[in-house]
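The structure is shown below for reference.

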Amino acid sequence: KNVKIRVNIMNKRSLIKFLFCSYFIITGALVFAGSITVKGKVMSNGKAIPSVQITDGKSIVLTDKNGKFNLETSGESEYVYYSLPSGYESPVVNGIPVFFQKINQNLKSQKINFEIRKSEKSQSNHAFILWADPQVLDMEEFQQLEEVVADVKKTITAFPADMPVHAISAGDNVFDRLDFFDKYKQVISQTNVPFYQVIGNHDMDYNNRSNELSAKSFSAAFGPAHFSFNLGKIHYVVLKDVFYYGFSYRYIGYVDENQLQWLEQDLKSVKPGSTVIVTLHIPTIYGESEKAGSYTTEMSNSVLNRQALYRILSPYNSHILAGHSHTQWFTQATPNIAEHVHAAASGAWWQGDVCTDGSPKGYTVYEINGDSLTWYFKGVNQNKTEQFKLYKAGTDAAFPDCFIANVYGYDPQWKVIWYENGIKIGEMQRYWGEDPYAASLYQPGKNKKHSWLSVSQTHHLFRAKPENPTAKILVEVIDRFGNKYKKTLE
């Protein structure tokens, strides 16, 4: 009996071992069968370009001295693409830089070559336009977007002819109308500059079952949802931080593990201390509220695993550029990571000429000098000197004796100083509140198109009470770069 038991135990162990080994043989074969080998090269006018990063969005390899690469893809990846090396340009089609090619899933081995062009302009000094949330819902709103594009064109043409310029959209290019992507590209192509795109929560497929399938339509229109490129001394990164969890229109702010691993590989080629600019849609920090937001609010308005992203960026001088909120603010996330949240190109969803925090609908202009950058906010159809708005005393019922300034691009390195009858009094008092004009425009239930539209509280408001109610008031705003802007309130 004991012998039989031992035999049975041995037979079971053998069976388990057989099944265990078979599992790994079979799954290994499946993984092998699913992988695709892509070989190719990167050339520029017949010249091989070495040390170019080639990726499928997961793994990264470098081209050799002959410009050749050999990439074993996961089999799940849709594209093979490169990180544009400094000093070169990608082809542009309908305003979109084409740095990617689709993988043929029916071929286990295939050849993909890339042709890039040597830039005729020095990229040491360059500029870019950053807008967020154009978010068009219907054809009428495309007409308004064309007005913004016309203003962007004027800004671009004002730069010296030898200044390279590109543009980046921080997402929500459309308002759930994924069938508008082609029309959107047609409109932005009028800027005549390479226009990189970030996926927003309103650019996603919500009819698919998981986050992994949520960027299908976006990628078909614009290419990969995360990528990088280089201009001059600046390394640019675009990430997808809207995570769809397969239920209704629900999402959270989250950078998935695949992107984090990819970013770690991507930054290996970037020297510590260099400037890295990361653009994503949802801000990493939910900061523009006097009171802390609820957990549910923070889930969809901030990046929950932001500390993981910060750790990867910690060796660099980093700027994170975001949209999503239709308001504007600045946060020094860490000593070497600054986050810029941008007012919307659509203002308050095209329902008025200002955003819900009173900032004009507009965009931000960034200028690069070597490895440093400066920036300013540009309201549509406004001069670049229009950096704040003044309201006379009594405009805000909460502070009836105070005049008010809304300083759109304020950050803690700015100063807001006031003078009474030519005498300098001091700095105005910063406070949380509602912009009076935005409050008059946006009240819940009052807007015919969007009944949910309402004014937002903001922390770039300032107030002061004059000694003499009839005095002449002058306000001087000095930004972090020393630029001065003045306005008089009679």
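Two strands are taken to pair if DSSP finds at least two bridges between them. The model discussed here is predicted.

## Strand β1 and its partners

Strand β1 covers residues 36-44 and is mostly covered, with seven of its nine residues buried. In the antiparallel sense, β1 is joined by six bridges to strand β5 (residues 68-73). Within this pairing, Lys41 is placed opposite Lys68 of β5.

Parallel pairing is found with two further strands. Three bridges connect β1 to strand β11 (residues 109-111) in parallel, and Lys39 faces Lys111 of β11. Strand β12 (residues 114-115) also runs parallel to β1, with two bridges between them; here Val42 has Phe114 as its bridge partner.

## The β1-β2 hairpin

Strand β2 (residues 47-48) is antiparallel to β1 and is joined to it by two bridges. Ser44 stands across from Lys47 of β2. Two residues separate the strands of this hairpin, and Asn45 adopts a positive phi near 55°.

Side chains of opposite charge can pair when their charged atoms come close. The structure contains 14 salt bridges. One of them joins the side chains of Lys449 and Glu141, with an N to O distance of 2.7 Å. Lys449 lies in the loop between α8 (436-441) and β32 (457-464), whereas Glu141 belongs to helix α2 (residues 139-157); the two are 308 residues apart.

## Salt bridges between strands

Glu427 and Lys415 form a salt bridge in which the closest N and O atoms are 3.6 Å apart. The pair links strand β30 (residues 423-427), which holds Glu427, with strand β29 (residues 415-420), which holds Lys415, across twelve residues. Lys415 is partly exposed, and its relative accessible area is 40%.

A salt bridge also connects the side chains of Lys486 and Glu476 (3.8 Å, N to O). Because Lys486 lies in strand β34 (residues 484-489) and Glu476 in strand β33 (residues 473-478), the pair ties together parts ten residues apart in sequence. Lys486 is exposed at 56% relative accessibility, while Glu476 is buried at 7%.

Note on methods
Residues numbered from 1 in each chain as written. Predicted model: local features only at pLDDT ≥ 70, side-chain atom pairs only at ≥ 80, totals over all residues. Heavy atoms only, no water. Salt bridge = Lys/Arg side-chain N within 4 Å of Asp/Glu carboxyl O. Helix = DSSP H or I, 4+ residues; strand = E, 2+ residues; numbered from the N terminus. Buried < 20%, exposed > 50% of the residue type's maximum accessible area, 1.4 Å probe, protein only.
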